[in-house]
Amino acid sequence: MSHRIEKTKTFLQESLAKSPYFARHPGALSYRYEHSLRVAAIGAQIARADGLDEEALTLGCLLHDISYSREFITQEDWLNHGRESAALARPWLLSLGLSPKQTEELCYGIAIHVDDQADFEGERTPLAELIGDCDNIDRYDSYRIYEILESSGFSSMETAGQLTWLTERLPRMREYTQLELTTPTATKLWQEKARFQLMFHERLYEQLTLPGRVL
C-alpha cells in the first residue's frame, strides 16, 4: 500500500471523527469509515483487473464521503455531500503531489457520485465514473438488505403489506441484475450483488406465500 494511501486513510479517519453527528452516534462513524475502506478496496480490485491507475482510484474512493465530517441537517445537505466532498478532497489530493489534471478527474468523480451533478466542469472518464460505481457495489450488499427492511418497517407490516412491498420492488431488482457499469470488472461485481439481492427477496416472497407457513 502506498504512502499516499496510508496518509489518506489517517486523514479520512481524523476528519470523520470531527463530525458532531458522529460524536453522538459512534456506530455510524464506524460504518462510514469502514464503508469508505471497502469502497477503496473495491476500487483497487477493479483498477488492477481493468488496467487503471490503482492508487488514484483508491484515493478517490477513500475520499468520496469525506464531507460526512460535517453535520447534515437537511435532505439537501445529503444531496450535496458529493460536491462538498470534492471541495474537501481537492486540497488534500494536491498536497499529496497529484497533478492538477488527475486531482480534478478524481474530484469530478467524487462530486457526481450522489446525484450525477457537479458544480464545476469535468470529464466523465472511467476513473471518475468508477468512484460512484464502487460506492454502489459496496452499498448494494448484505447490510443493504437489513437497512432497507428496517427503514421500511417491513417487520411490522401485515403479510399483505409485505407482499405488496416485495411485488413493487422485484421488477426493479430484476432490472438491476442486467445493469452494466463502467468496466467489465465493475459490472461483474455489481451483477453478483444484484443477483444475491434478487434471490433473497424472491425467496422471501415465496416463503410468505407458502400454504401453511408458520406464523
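Select His 81 to begin: at 3% relative accessibility it counts as buried, where buried means under 20% relative accessible area, exposed means over 50% and partly exposed lies in between, with a 1.4 Å probe and protein chains only. This is a predicted model, in which local features need pLDDT of at least 70 and side-chain atom pairs count only at pLDDT 80 or more, while totals for chains, interfaces and linings use all residues. Residues are numbered from 1 along each chain as its sequence is written, and side-chain values use heavy atoms, with hydrogens and water left out.

Stay on His 81, which is found in helix α6 (residues 81-95); helices (H or I, at least four residues) and strands (E, at least two) are DSSP runs, numbered from the N terminus. Leaving aside neighbours within four places in sequence, His 81 is in contact (heavy atoms within 4.5 Å) with several residues, including Asp 65, Phe 72 and Tyr 68.

Select Tyr 68 next, in the loop between α4 (54-62) and α5 (75-79). Tyr 68 is buried, with a relative accessible area of 13%. Tyr 68 and His 81 are 13 residues apart in sequence and 7.4 Å apart in space, C-alpha to C-alpha. Show Tyr 21 and Phe 22 as well, since these two form one aromatic cluster with Tyr 68; rings of Phe, Tyr and Trp (its six-membered ring) pair if their centres lie within 6.5 Å, and planes under 30 degrees apart count as stacked, over 60 as edge-to-face and the rest as tilted.

Finally, move to helix α9 (residues 142-152), where Ile 145, Ile 148 and Leu 149 are buried. They cover an arc of only 95 degrees around the axis, which puts them on the same side of α9; the arc is that of the directions from the helix axis to the C-beta atoms. On the other side of α9, Glu 150 and Ser 151 are exposed.
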